[in-house]
Amino acid sequence: ALAQQQVHRHNLAALMLHDAAGIDAETLALHVHNVERDRLPRRRLAAGARLACALARFPGPVHAIYGAHDALYPGAGLQQLQAAFAASAPQFRGLACIAGAGHWVQHEQPAAFQAALLQALA
């Protein structure tokens, strides 16, 4: 149990959050809760051409919100992702890049995420 908690804490720090100082007991418990209910192991939908094909068929507006320090898109990864969305989604409206956040942007920077979401929904 302790070893598993350490793995979850490591994954939060390495993959989910920009600032590991934000890992408290509540954050760790929420992450464990989410992992236990994950229905898309290894993010099969987000990888490769499946997402691009789905976006190409989606008739509505598409907005994206990502943390500036998302570990899944290092370096120029977010720019490449934005270009891929623009090429795939007929109504791509842009990618909001939230400073001070990693992959779990809505948890790490909730006010900035909410502002970006409200702007997207306006």
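Histidine 8 is in contact (heavy atoms within 4.5 Å) with Leu28, His31, Val32 and Val35, leaving aside its neighbours within four places in sequence. Histidine 8 sits in helix H1, residues 2–16; helices (H or I, at least four residues) and strands (E, at least two) are DSSP runs, numbered from the N terminus. At 8% relative accessibility, histidine 8 counts as buried; buried means under 20% relative accessible area, exposed over 50%, partly exposed in between (1.4 Å probe, protein chains only).

The model is predicted: local features need pLDDT of at least 70, side-chain atom pairs count only at pLDDT 80 or more, and totals for chains, interfaces and linings use all residues. Residues are numbered from 1 along each chain as its sequence is written, and side-chain values use heavy atoms, with hydrogens and water left out.

The largest nonpolar core has 10 residues: Leu55, Val62, Ala64, Tyr66, Leu78, Leu81, Phe85, Ala89, Phe92 and Leu95. Such a core is a set of buried Ala, Val, Leu, Ile, Met, Phe, Trp, Tyr and Cys residues joined through side-chain atoms within 4.5 Å. Two or more of its residues come from each of strand E1 (62–67), helix H4 (77–88) and strand E2 (92–98). A second, separate core of six residues includes Met16, Leu17, Leu28 and Trp104.

Helix H4 has buried residues at Gly77, Leu78, Leu81, Phe85 and Ser88. Seen down the axis of H4, these fall within an arc of 95 degrees (taken from the directions from the helix axis to the C-beta atoms), so they line one face of the helix. The face turned away from that buried side carries the exposed residues Gln79, Gln80 and Ala87.
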